[in-house]
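Reader: Hi! Could you walk me through this one while I have it open?
Author: Happy to, let's take a look together.

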Amino acid sequence: AAAPKVAVVGAGVIGLSTALCIMETWPSCSVTVLSDQFSPNTTSDVAAGMLIPHTYPGTPIHVQKQWFKETFSYLFAISNSTEASEAGIHLISGWQVFKNIPEEELPFWSDVVLGFRPMSEAELQKFPHHRFGQAFTTLKCDCPPYLLWLEKRLKATGTQMYTRKVADLWDLHSEYNIIVNCAGLGAHHLVGDEQLFPVRGQVLKVHAPWVKHFIRDGDGLTYIYPGIHRVTLGGTREKDSWSLSPDPGTTKDIFDRCCSLEPSLQEAQDIKVKVGLRPSRWCVRLEREILSQGRVQLPVVHNYGHGAGGFSVHRGTAKEAARLVGECIAALQGSSSRAKL
């Protein structure tokens, strides 16, 4: 049988890592990435790329933990290689602090990150408004370097990448055997998913090279994430807001909130404001579907809806999507051998 042609729609962290996993798992495939936006213009480019999971109410915890674990080991291996700096991946230590003691003192991911422990009294003195905290070391992917590194890996495997706005998955059925939908928020129109909604995030990228540790308020709204060149200050979670324009009032609010956690940020220079729309739903949509028009069938694998937690689980969900693509390949080969009988 001819090599199956796979189209991956979307070139954020989910689309690129899914395409890479498909190539690594099914090297006989030909894979093409189609997207109307590539780095640096994707939602993933706005993300800080911190590996601190966001909990999906609709996905079983053991599944989320597996996704996170696979992603953490994959990136940890890169962080220990000579590729680390080009891929923008580094270990980062810091604190998550709470004004009130959280119900769950040990989150499900506490044994995946490194050195997770309660903060000492001495450490908590740095945060006079907070009563409790957790210290740990995790990984951070700097964007866009990580996306560019993924693109480079894909090009080395012979994957084609085209700038193309896909308005309807059926437009692809004459050229491709299997479609992988990693369109993020674009899936709202592309497959009419009404459960998908934007959660608007506004962040500041600032120059403050003296800030070396991450600090995150336990409510997840205020955070300081140092990258290799700039520090990401956040943030906002505005449900159902589609606006990509920075709001000056929000910029001031974010800056003030971050300065109350880390007063030295008053001296931060060269503040750039970025906005991204997180593709959110009650659970990641990761499943296989057969679309049909009359007697024509189009196998589709969906992998989107990661919301605020895409970086933390991207490799784990990409592996699962690649497994589902394998099921599609087997079904295609089964039907083509039946057709020959």
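Author: Leaving aside its neighbours within four places in sequence, G10 touches G15, L16, V33, L34, S35 and C182, where contact means heavy atoms within 4.5 Å. This is a predicted model, in which local features need pLDDT of at least 70, side-chain atom pairs count only at pLDDT 80 or more, and totals for chains, interfaces and linings use all residues. Residues are numbered from 1 along each chain as its sequence is written, and side-chain values use heavy atoms, with hydrogens and water left out.

Reader: Is G10 buried or exposed?
Author: G10 is buried, with a relative accessible area of 8%; buried means under 20% (1.4 Å probe, protein chains only).

Reader: And where is G10 found?
Author: In the loop between β1 (5-9) and α1. Helices (H or I, at least four residues) and strands (E, at least two) are DSSP runs, numbered from the N terminus.

Reader: Switching topic: at what angle do α1 and α6 pack?
Author: Helix α1 (residues 13-25) and α6 pack at about 30°, with their axes 10 Å apart. Axes are lines fitted to C-alpha atoms over the stretch in contact, and angles run from 0 to 180 degrees between N-to-C directions. α1 and α6 are therefore roughly parallel to each other, a term for angles under 35 degrees.

Reader: Which residues of α1 and α6 make the contact?
Author: V13, L16, S17, A19, L20 and E24 of α1 meet Y146, L147, L150, E151, R153 and L154 of α6.

Reader: Which residues in α6 are buried?
Author: Y146, L147, W149, L150, E151 and L154.

Definitions and conventions. Buried < 20%, exposed > 50% of the residue type's maximum accessible area, 1.4 Å probe, protein only. Parallel < 35°, antiparallel > 145°, perpendicular 65-115°, else oblique.
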